[in-house]
Structures are given as C-alpha cells and as structure tokens.
Amino acid sequence: MEATRQETPRFDAAPYYSHPQGITLYQGDSLELLESMEPEQFEMIFADPPYFLSNDGVTCKSGRMVSVNKGRWDRSMGVQANHEFNLRWLQACQRLLKPDGTIWVSGTHHVIYSLGFAMQTLGYKVLNDIAWFKVNPPPNLSCRYFTHGTETVIWAARDTDSRYTFNYKTMKEMNGGKQMKNLWNIMSPRKAEKVHGKHPTQKPMKLLRRIVLAASNPGDTILDPFCGSSTTGVAAVEEGRNYVGIDQSEEYLDLSIARLQDVL
Ligand SMILES: C[S@@+](CC[C@H](N)C(=O)[O-])C[C@H]1O[C@@H](n2cnc3c(N)ncnc32)[C@H](O)[C@@H]1O
C-alpha cells in the first residue's frame, strides 16, 4: 500500500484587499482559511469571536429598547457545537502563532468558559484574564439581573515554553507610573470611531491600542480571524504593525477598508 504523505497546508485564497504597508484582508470562513495558512506566521492574534448571544432578547441602546440580535453569525448552535467551533478555530490559531506568540480572546459569560476551557485543553498558557469594565453600560431592562458592565479578555501564550512579549514599561507609563492591573476601565466606542458605518459589536480603539502596545513590537504581524470593522487593524497600522484580517462579510470588510484607509 502506498504511503500517504502529509502535505504542508497552502494558502492560495486571493486577498479581498491588500496594501503594501503590510495590510491584508481575506473574505471567507475563518475555519477554512485559518487551517490552510502557513504555520507560525504571527507574533500576536486578537480574536473577538461570535459570543452566541443573539437569542431574540432585548437590550437598551440610546435609551430605547432594541433587539439584542447581532446577525445570523452570532446565533448559538447549542453548547456542544459552540464549543467544538471554539476548539477548532483556537487550534488553528495556535498553529499559526510563532513559538513566542500570544493570543487575546474576548467574550462574555455566553462563551468565555468554553473559550477558556478550549485554550486550557489545547495547551495554551493563560497569562491574564482582563476584566474590561465598560464604565457606562446600558441599563438592564428586565430588572432581573445585575447590569452587564464587563467583558473578559483572555491573554495566553502559544504554549508553556513561549518567551512572549510583554511591554511592561509601556503599560506602566500608560498607567501614570503604576503597575497596570487586569481591570481596564474603557468606554464603548465613541461616535468618531463609527463615521464610516456601524458594526454591531465594534470594539473601542482604546482597548485594541492597549493590547497591541502590550504584546507586540513595531514590524510584528497581527492576525484578527473575526475582524469585523478591523478595530485591530486600525490599531496595528497606527502603531507600525502589519495586519491580516478575516471576515465572512463583505459589508464588514468594506467598512474595514474605509477605516484602514483613514490611517494609511
Ligand atoms: C464580534 S464581531 C468582531 C468585531 C470586531 N472586533 C470589531 O471591532 O469590529 C465577529 C465577526 O466575526 C465574523 N464571523 C463570524 N463567524 C465567522 C466565520 N466562521 N468566519 C469568518 N468570519 C466570521 C462576523 O461577520 C463578525 O463581523
């Protein structure tokens, strides 16, 4: 019987957009794209995956009751299937990180336990869980829960041997000369960050700038596998890093391009 040979995965998808200043955007299913990319390419990954919280509930926006639904991509597939999805993309990202690379993964209670368990299962080394306090969150309309005022961002190294980047001094300077804690007070994105259009789960620039500055260096390449409006990309460009973003939605990639062109 003929021996089978493991082929090196190749990545031959044409970019949706690229810019010589180290920017590439791909349109498609992250799971497939990530698994076909060359390994060990990235110093840092920021992932803001589906939180699977679009359950037809309501929330409050600008004082009005609105649907909590973000899009079809955010509908839960069931606890087990959600976890399998998380395991698969986190495994693909681990293969793409350089040995000393780190990953940041955001989530709420809907998904963060699955994400954390998947990361532990895969052998990532969890470095911190950041509590992002949104300072001025919308009130809880049902009055049956505490107001949801935080998200968690897990920061982890590729594995236990990683000699990862932590720009300790920069963080201390940004915190008025005191060691920075894992509690980050950061407001939701301002209007000025949405001049090109709105993404339903857009992250604030301040959050991404801090993450980029904490765990990467100029010239590094940062991947965002669920890039949405490319908040990560804007922070990467502003701080002299290269950027690769993936999203399945052309609408969000066009929004990304508009935002990126403002800073290029
Ligand atoms: C939480 S949002 C990211 C928002 C982003 N951090 C920002 O600041 O704009 C998640 C994004 O993942 C995309 N997405 C969801 N599932 C995907 C998949 N399987 N492959 C590619 N993109 C996906 C959605 O279109 C959505 O834009």
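So, which residues does I45 touch, not counting those up to four places away in sequence? Hold that thought for a second, and keep in mind that what we're looking at is a predicted model.

Okay, here's the list: I45 touches C93, L97, I103, L223 and P225, once you leave out residues up to four places away in sequence. Two of those names come back when we go to the nonpolar core. The largest one has 58 residues, and the residues with the most contacts inside that core are I45, F46, C93, L96, I103, I211 and I222. Helix 5, residues 205–215, brings the largest share of this core, with 6 residues. As a general point, nonpolar side chains in soluble globular proteins tend to be buried together.

You've got an open sheet of 9 strands with mixed pairing, and the order goes 1-2-11-10-3-6-8-7-9. Strand 1 (17–19) and strand 9 are the edges, each pairing on one side only. From one strand to the next, the twist averages 15 degrees.

On one side, strand 7 pairs with strand 8, residues 150–157, antiparallel, over 8 bridges. Strand 7 also runs parallel to strand 9, residues 183–185, with 3 bridges joining them.

Helix 6, residues 231–238, lies across strands 2, 3, 10 and 11, running at about 170 degrees to strand 11.

Last stop, V111. Where is V111 found? In the loop between strand 6 (97–107) and helix 3 (112–122). And is V111 buried or exposed? V111 counts as buried, because there are 23 C-beta neighbours inside 10 Å, and the cut-off for buried is 20 or more. If you skip the neighbours within four places in sequence, V111 is in contact with Y51, F52 and N82. Take F52: V111 and F52 are 59 residues apart in sequence, yet 7.0 Å apart in space, C-alpha to C-alpha.

That's my tour, thanks.

Key:
Residues numbered from 1 in each chain as written. Predicted model: local features only at pLDDT ≥ 70, side-chain atom pairs only at ≥ 80, totals over all residues. Helix = DSSP H or I, 4+ residues; strand = E, 2+ residues; numbered from the N terminus. Buried ≥ 20, exposed ≤ 12 C-beta atoms within 10 Å, placed from the backbone. Contact = placed C-beta atoms within 7 Å. Pairing = 2+ DSSP bridges. Core = buried A, V, L, I, M, F, W, Y, C linked by C-beta atoms within 7 Å. Axes fitted to C-alpha atoms, helices over the stretch in contact; angles between N-to-C directions.
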